[in-house]
Amino acid sequence: MLLRVLKSSLLNRPKAIVLLLLSITMGAAVATAFLGIYGEISHKMALELRSYGANILVEPAAAEDGADLDEADLKKIKTVFWKYNITGFAPYLFGIVDLEAGGKKARGVVTGTWFGKELEVEGEEPSIQGVRVIAPWWDVAGQWPQAADEAIVGVSLARRLGLKAGSEIVAGKNGRSRRFKISGVVTTGGYEEEQLFAPLPTVQGLLAKEGRISRVLVSALTVPMDDFGSRDPATMTKLEYEKWYCTAYVTSVAKNVEEVVAGSRAKPIWQIASAEGSLLKKFNMVMILLTSLALAASAIAVSTSLMASMAERQHEVALMKTLGADRLQVVTIFFGEILIISLIGGVLGYLLGDQLAELVSRIVFSSKIKSPFWLFPTAILAAFAVAAAGSVVPLRRALLIKPVQVLKG
Amino acid sequence: MKRLAWFLRHIVASRGATPAIIGCFALIYIIIAFYNDEALVTLLALTRSTPPLAMLLACIPLNLAARLFFEIADFIRKKRLTVFLPQETWAAGERVKLAGRMEADLLEKKLAGAGYHCRHGEGFIAAWKGISAFPARFFLLLGFLLLFSGILLSTTTRESVRTPLIEGEPLPEAMGAQGRVEQILLRDRPGLVLARTLAITVGFFDGSTETTKEFGLYPPGSLHGVYLYPRYLGLAPFVEFTPPERAFAFSSYVTLMIYPPGREDSVEVPGSPYRIAFTLAEPRSARDPYSSGKYELQFRVVKDKAAVAEGTVPLGSTVTRNGYTLAFPNAKRIVMTDLVRDRGLSFIWWSGLCMLVAVAVYMPVRLLAPRREMMFVAHGRGTQAISWAEGGKTAHRSVFHGILDAISRDQDR
Amino acid sequence: MILARGVTMLLVWAILVMGLARAYAGEKAALTAGCAAGLVAGTIFGFFLFAAVPGEIPFFIIKSALAAAFISLFIVAAIVWYRGTAAEGDRPSVRHAVVAITVFLFAAGYGLLLVCRLPYGTDNSQFMALLLILLAMLGLWMIVYRLEPLLPNIGMAKGGTSLFAVSLLLFIASLSPRLDLFSPLSMKVMKLIHDFVHQFFESMLIPDHPFFRTDIWNYIGLLFSNGVGFWGGLAIWFIPTTGVTLATFREPLPSVAHVRQAAVRRKLIAAQLRERRRRLFFPLFAGLVMAAAAFNSSHPSVEYWDPKPLAVKADSAGEIVLPVKDGDVDLKDGKLHKYLYQKGAQKVRFFALYRSGELTVVLDACSICQPDGYGQNEGTVICYYCKTLIPLETVGKPGGCNPIPVPFAVDGSGVHLSAEMLVNTWVAQVQSEKKLPGGGK
Amino acid sequence: MPVESGTCIIETAGLTKRYGDICALAPLDLQVSEGEWLTVMGHSGSGKSTLLNLLGGLDRPTAGRLLVGGEDLLAFSEDHLARFRREAVGIIFQQHHLIPYLTALENVMMAQYFHSVPDQAEARQALERVGLGKRLANRPGELSGGEQQRVCIARAIINSPKLLLGDELTGNLDHKSTRLVMELLKELHEEEHFTLVLVTHNQEVAGWGGRTLFMDDGKLVKDLRHERKGDDPS
């Protein structure tokens with residue numbers, strides 16, 4: 001009977017139903033669109049955040065230019081107290097050189113590094129170290145360099161010089177020059193895309209800096225920072241210091257590394273990450289705020305149109321009460337109606353919002369987005385939420401209707 | 001005596017017997033699964049080898065047969081009584097005694113108004129609407145009966161022999177007939193389920209007459225109750241092998257299970273330390289070598305566990321490697337076949353059909369016109385009313401109650 | 001952590017007793033007696049079992065008992081289904097003794113699980129168990145005599161009691177990977193389906209895949225995928241609750257044909273429908289609990305794998321032998337296996353772990369932190385004291401917060417350790433409270 | 001007032017209803033016995049509708065005692081009062097008050113639904129009984145005033161109430177329809193044995209009942225028992 005009543009009621013009052021459906025659909029559509037765009041953007045941002053896979057930067061302690069570190073110290077990193085927590089590291093040697101390829105000339109940065117070097121340290125198991133370990137998200141179109149004269153080039157530098165896998169490039173500095181075969185083009189999502197990456201010894205030769213490196217990026221398994229971890233070790237008691245030292249905070253691991261690399265200063269790079277994190281948080285806030293505003297607006301729209309239809313239907317409610325319907329039965333009928341409409345509205349809103357998100361991202365971000373699977377239940381839930389929030393006041397109103405006053409005369 | 005009959009009937013035709021026995025087997029399965037990784041195979045073997053278990057399994061078709069019998073008997077008996085459903089199902093319906101007596105014409109008019117068919121006889125009026133689920137139940141029970149009979153027969157009496165069928169060779173003795181495998185054909189013929197078809201043509205010479213018969217993939221062809229179940233394909237190349245010392249020359253058809261390409265099989269060269277391993281090379285064209293006939297054999301000669309020569313030889317050529325010569329002038333196709341004698345198989349096929357029919361009959365009947373019946377029997381000065389419905393119960397109940405009300409109102413007047 | 005576990009256990013206990021009290025509202029004395037006796041007996045039996053039987057056997061016994069209880073649910077569901085054609089009253093009318101025995105069994109099961117769930121077989125856990133039992137008794141009294149009359153009127157479906165109580169026991173079991181039933185069930189179901197398909201092909205003489213179309217074969221291949229075990233297991237997991245729920249729906253309502261007033265008839269029918277809805281509460285609730293148990297089982301990472309240490313003894317030569325494979329225990333399963341060796345007052349905890357293709361044995365402590373021990377998570381072990389994650393590959397190497405390795409030998413009979421060496425290493429290398437300078441701030 | 005033979009279904013003592021300062025119903029003492037046909041007459045604003053609302057559990061009195069079927073309506077909660085309305089009372093209005101988007105059958109079934117469970121065959125029977133067997137699937141808009149009123153009657157009696165209340169139920173009907181409706185009511189009253197209370201200012205309608213109350217300004221002016229019309233064929 002309930003279904004029969006709902007069916008008749010929905011089919012025979014098209015105007016009111018369409019109005020209600022519209023408000024709910026709008027709410028669900030806007031929520032879907034916002035969340036779709038938001039999901040995509042935060043996904044991209046998270047990708048960038050992830051690009052800071054390494055969390056400790058080891059630099060020369062001395063501030064002046066040209067200071068550098070000794071490559072021989074690298075092995076010691078595998079011998080420190082927290083050696084098992086250090087999952088990887090990569091040395092870098094930077095140099096500004098003149099690049100020439102296919103007739104085009106440019107100044108650029110050449111970076112010598114380990115791509116995936118087998119490192120043997122006495123008393124330890126051999127391990128693979130290099131950028132392939134600490135930056136697994138680097139997307140190389142082509143191959144990683146295998147030979148000493150092979151190099152990979154950042155995607156924007158490659159575009160500038162018209163390079164692709166298989167082409168050749170000449171790097172020169174102070175009269176010395178090297179010819180590199182490009183084995184791949186790398187997309188990293190960061191400043192690396194402007195650089196040329198070649199094996200460390202080759203670049204050391206090119207820059208006449210044998211055995212030297214500019215910096216080391218270390219990736220370590222650490223525990224999240226807490227209040228205790230961020231305290232200055234200098235102010236700790238012996239017991240506290242012991243606990244700090246034996247807890248794998250990023251700071252304590254950094255200190256560990258610093259101790260073995262001569263003339264270095266190791267600093268955690270979580271500052272950058274946390275800055276990005278707070279940006280993401282703010283962005284989250286804005287999106288959540290906007291979404292809830294949109295939802296609230298459509299809830300108000302639902303409420304208004306329900307109020308209007310309730311005014312029309314107050315005779316009906318009064319009659320139901322006269323026939324002996326208790327509050328639950330009245331609510332069941334009206335809420336059932338709203339539930340059905342919001343289900344339809346949710347589906348429609350999802351379809352609409354999905355298109356909207358795609359449109360917006362095409363126009364604004366000029367990128368295609370893939371709507372995630374969870375968006376569908378979310379849209380339905382948003383529709384339910386809007387409908388439920390919008391129907392509280394009208395339903396209360398309906399329950400307060402006094403049959404005597406309405407049916408009089 | 002009567003009690004005993006009743007008791008027997010209720011044990012043998014009990015609704016719960018089949019599920020209980022299946023439950024027992026499930027329990028045995030679980031216990032086996034605790035200790036053994038091959039629980040299902042073990043259970044089947046156990047059932048085959050343990051007579052009490054086989055007898056327990058045999059109780060299932062027995063029970064189903066009894067149920068089918070009593071169901072049919074009930075149906076016929078009730079049909080004579082004009083109301084079609086068995087006694088036990090009435091227990092689940094409604095039954096009430098009224099003080100009033102009905103006026104038959106009025107009652108019939110009311111029943112007809114509600115869309116019921118009526119029949120009245122000596123002191124009773126029966127009314128019904130819709131179609132009985134009996135046919136569906138019959139087919140379902142029959143389906144289960146056939147299924148479990150099939151399973152029983154299959155587990156206890158299945159015999160299976162694996163033997164190769166080779167082109168141009170006589171049929172294996174296990175087939176129980178004289179004949180020769182004339183041709184084996186594999187064709188790429190994308191169908192609804194199968195992508196390829198296999199045709200094994202067998203020629204029989206029965207004295208003077210000569211007949212041929214073709215065996216396909218599915219349903220499996222049979223000969224005197226023995227099914228041909230092709231398992232996998234192989235090749236019998238004719239190989240001539242000469243080692244460098246020329247001590248002997250091996251030349252013979254060798255039976256190799258080397259299909260599909262990549263699969264390896266080997267042959268011991270008799271009276272020598274040599275073993276030759278073969279694989280079928282991946283075809284150069286898209287066509288399958290087995291169906292195209294363009295074979296290319298990769299071989300590896302092994303002498304005392306050490307490979308001494310390797311190479312590839314296409315059909316019809318000769319290759320020499322490290323002094324070893326291998327010629328491959330001819331090849332015959334092989335189908336490795338299980339010759340299965342299984343009387344249960346056809347039962348299971350028929351059971352599948354029966355169950356399909358049961359579902360096909362039940363669904364529309366239950367949805368569109370479920371059986372609803374009521375009966376009013378004169379009972380002393382009052383009326384005994386019985387009602388039962390397979391579906392559409394709510395509407396049927398309200399009609400029934402309305403008519404009861406009418407009867408007792410008539411009484412009041 | 002112990003506290004959290006204790007609270008969970010108590011909550012489940014409260015729900016269990018509340019449900020039983022609802023089911024047997026009229027049998028308070030029998031209920032209370034059965035519950036109390038069962039809890040105490042179960043706990044004592046549990047401690048006795050763990051003390052008397054070494055290794056994994058107690059777990060195996062308890063797990064088997066749980067499995068038996070789960071299987072009995074199927075029997076209950078089948079009986080309810082086949083008996084469900086005649087309408088009866090909503091409350092089962094049973095004797096005091098039956099009530100007492102029923103609740104005794106459930107409470108004993110709970111007590112057993114209580115023992116399993118308490119970490120470490122130390123004196124500490126006996127104390128905890130005692131405390132929990134006391135609290136539970138208090139709760140029992142409160143619930144049965146105070147709260148039960150306040151509960152809303154929910155009917156009891158036939159078979160609902162066992163469904164409800166067993167599902168709660170299964171829920172507790174699902175919290176600990178060792179007792180969990182759902183995961184093994186999924187595995188067995190996967191195996192069964194796999195075997196069945198093969199057997200079916202074989203029996204029905206259906207040719208093998210070289211003849212099938214690739215897409216069709218891919219569909220058949222779905223039956224061999226990993227998900228099949230999970231979904232098939234899930235289907236079996238819910239058969240009892242679903243069966244009882246449907247049986248309750250199938251029960252015919254009492255006839256109202258004798259009533260001659262239509263409105264009265266309708267009112268009776270409405271009341272019957274309402275009553276039947278109420279009776280569905282317990283089966284549906286049990287279904288919910290089973291779902292939670294299945295969820296727990298498939299998300300075990302919520303909790304670190306931290307088995308209760310098995311007490312081991314040294315033989316006369318002072319050697320401890322850990323069999324590599326012993327019944328349910330398989331040292332090579334990639335999981336942490338904890339052991340406890342006690343010599344005089346000195347206890348040594350250590351664990352064996354199979355990682356990177358070889359076995360290793362280490363102390364359940366590192367040389368820098370307090371010996372809170374380790375738990376295992378995916379790919380790492382965690383030091384409970386400093387919460388440092390240690391990659392599994394490096395377990396067995398000294399240094400950092402890694403567990404202290406000990407020398408050991410593996411041969412056909414198992415892992416051999418020297419008891420003396422164990423104690424010496426522990427005493428020499430493990431930090432304990434008294435060795436810390438200053439003893440805290 | 002002499003006490004009727006048979007049990008009392010309505011019993012009031014000092015029943016008062018005030019809307020602010022306006023006294024809609026002065027203290028009223030009334031007893032109605034089961035199965036009686038009572039007509040309440042008076043001008044507009046004489047308090048007769050107020051009395052009806054109080055009897056039907058639609059409104060609560062300001063003071064006094066009100067027993068219907070032996071139960072004190074004043075003690076009822078809101079939902080209990082709703083239950084009283086669906087189980088014990090049937091109300092027929094002048095304006096019919098049918099739900100416009102439901103068919104005649106569904107309108108009747110609605111009352112069943114609120115009461116317990118809907119029963120289509122029974123609802124159809126009830127409509128057949130009021131002579132609407134052929135208009136089951138019509139919506140109220142497609143029915144004439146008299147037909148609508150008969151749907152209302154079917155709906156009011158479907159739950160076998162002890163008390164049937166009619167508020168100017170013939171107010172919108174012409175003479176012929178009025179007569180048809182009154183004859184139907186008479187027939188049902190005889191069969192179903194409910195107590196009927198009709199509020200009207202139509203003298204003719206009053207004649208169908210066996211007892212008439214005259215009200216004015218919220219006060220009971222006259223309580224008259226008389227011959228019933230329709231008993232003698234005219």
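User: Before we get into this predicted model, what counts as a salt bridge here?
Analyst: A salt bridge is a Lys or Arg side-chain nitrogen paired with a carboxyl oxygen of Asp or Glu.

User: Which residue does A:Lys76 meet in a salt bridge?
Analyst: Side chains of opposite charge can pair when their charged atoms come close. For A:Lys76 the N to O distance is 3.2 Å, and the cut-off is within 4 Å. The partner is A:Asp73.

User: And A:Asp73 itself, is that one buried or exposed?
Analyst: A:Lys76 is partly exposed at 39% relative accessibility. A:Asp73 has a relative accessible area of 7%, and buried means under 20%, so A:Asp73 is buried.

User: How many residues apart are A:Glu337 and A:Arg313?
Analyst: Their side chains meet in a salt bridge at 2.7 Å, N to O. A:Glu337 sits in helix H11 of chain A (residues 327-363), while A:Arg313 is in the loop between helix H9 (270-312) and helix H10 (314-322) of that chain. The pair links distant parts of the chain, with a separation of 24 residues.

User: What is the relative accessible area of A:Arg313?
Analyst: A:Glu337 counts as buried at 5% relative accessibility. A:Arg313 is buried too, with a relative accessible area of 4%.

User: Which residues are linked with A:Arg313 in a network of salt bridges?
Analyst: A:Glu337 is already known as a salt-bridge partner of A:Arg313. The network holds that pair along with two other residues of chain A. Linked with A:Arg313 are A:Glu337, A:Arg13 and A:Glu316.

User: Which residue just after H10(A) takes a positive phi?
Analyst: H10(A) spans residues 314-322. Just after that helix, the backbone has a phi of about 105°. The residue is A:Gly324.

User: Over in chain B, which helix holds B:Arg137?
Analyst: B:Arg137 forms a salt bridge with B:Glu71, the closest N and O atoms being 2.4 Å apart. B:Glu71 lies in helix H4 (residues 51-80) of chain B, so the pair ties together parts 66 residues apart in sequence. B:Arg137 itself is in helix H7 (residues 134-157) of chain B.

User: How far apart are the axes of H11(A) and H12(A)?
Analyst: Two packed helices are described by the angle between their axes and the distance between the axes. H11(A) and H12(A) pack at about 150°, and their crossing is right-handed. By class, their contact has 19 nonpolar, 4 polar and 1 charged residues. The distance between the axes is 8 Å.

User: What share of chain C counts as buried?
Analyst: The secondary structure of chain C comes to 12 helices and 13 strands. Buried means under 20% relative accessible area. Of the 441 residues in chain C, the buried share is 49%.

Technical notes. Residues numbered from 1 in each chain as written. Chains lettered and ligands numbered in written order. Predicted model: local features only at pLDDT ≥ 70, side-chain atom pairs only at ≥ 80, totals over all residues. Heavy atoms only, no water. Buried < 20%, exposed > 50% of the residue type's maximum accessible area, 1.4 Å probe, protein only. Helix = DSSP H or I, 4+ residues; strand = E, 2+ residues; numbered from the N terminus. Axes fitted to C-alpha atoms, helices over the stretch in contact; angles between N-to-C directions. Left-handed = near helix turned anticlockwise from the far one by under 90°. Nonpolar A, V, L, I, M, F, W, Y, C, P; charged D, E, K, R; others polar.
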